Amino acid sequence: MYMHLSTAQQKRYPLDTARLSRVVELAAENSGWGKHRSGNGHGFGVAAHRSFLTYVATVVEVEVDGEGQVQIPNVWTAVDAGTVVAADNVRNQIEGAATFGASLALLSEITVTNGVVDQSNFSAYQLVRMGSAPKHTSLYIVESDPPPAGVGEPGVPPFAPAL
């Protein structure tokens, strides 16, 4: 788990293992983790992350056909972002994070030539199309008392490790 906090911030906002555990348990429970059989090109992965004082856990179901083509039928994500003011906005951010995470994991690369990044904008940076994007994304919001935290970026980091 990667944390975007300085040492001083980590002392002020220590890792809350109860919040982290809760999102992992919620994502696993709703995905049926451990109740599905993996193998023969089908499997499940799970990863968790904390950033911007938000805790996220994601379970990704993946299918790989005989030609190596990857499909992502389902994604289950649990988020504890403190007090949630607009749940629809959280849903939009997490669905976008699943699509962007799939893009990063399946298609993207950043190359550097003579110390300069070659990809300057999205025209040179591939994103998944509808056929490769996750088919279904489920979101579970944990109600908690901390003040509102960020939801724009925290959904992206756990996606690739779960995939």
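**Close-up views of a predicted model**

**View 1. I110, V112 and V117 make a nonpolar surface patch of about 280 Å².** The model is predicted: local features need pLDDT of at least 70, side-chain atom pairs count only at pLDDT 80 or more, and totals for chains, interfaces and linings use all residues. Residues are numbered from 1 along each chain as its sequence is written, and side-chain values use heavy atoms, without hydrogens or water. Patch residues have over 30% relative accessible area and no salt bridge, with nonpolar side chains joined within 5 Å. V112 sits in strand β4 (residues 112-113). V112 counts as exposed because its relative accessibility is 52% (exposed is over 50%, with a 1.4 Å probe and protein chains only).

**View 2. The largest pocket has a volume of about 180 Å³.** A pocket is an open set of points on a 1 Å grid, with protein on both sides within 12 Å along at least five of seven lines; lining residues have an atom within 4 Å of a point. Among the lining residues are Y13, D16, R19, R50 and Y55. P146, P147, P148 and A149 also line this pocket. By class, the lining has 8 nonpolar, no polar and 3 charged residues.

**View 3. The largest cavity has a volume of about 40 Å³.** In a cavity, a 1.4 Å probe fits but cannot get out. The whole structure holds 1 cavity of 30 Å³ or more. Its lining is T58, V75, T77, I94, A97, A98, G155 and F159. Two or more of these come from each of β3 (70-80) and α3 (87-106). α3 gives the most, with 3 residues. The lining divides into 5 nonpolar, 3 polar and no charged residues.

Note on methods
Grid points are joined across faces, edges and corners, and a volume is the space filled by probe spheres set on the points. Ala, Val, Leu, Ile, Met, Phe, Trp, Tyr, Cys and Pro count as nonpolar, Asp, Glu, Lys and Arg as charged, and the others, Gly among them, as polar. Helices (H or I, at least four residues) and strands (E, at least two) are DSSP runs, numbered from the N terminus. Patches are made of residues with over 30% relative accessible area and no salt bridge: like charges are joined within 9 Å, nonpolar side chains (Val, Leu, Ile, Met, Phe, Trp, Tyr) within 5 Å. Accessible areas come from the Shrake-Rupley method with a 1.4 Å probe; for residues, only the protein chains shown count as cover. A salt bridge is a side-chain nitrogen of Lys or Arg within 4 Å of a carboxyl oxygen of Asp or Glu. Buried means under 20% relative accessible area, exposed over 50%, partly exposed in between (1.4 Å probe, protein chains only).
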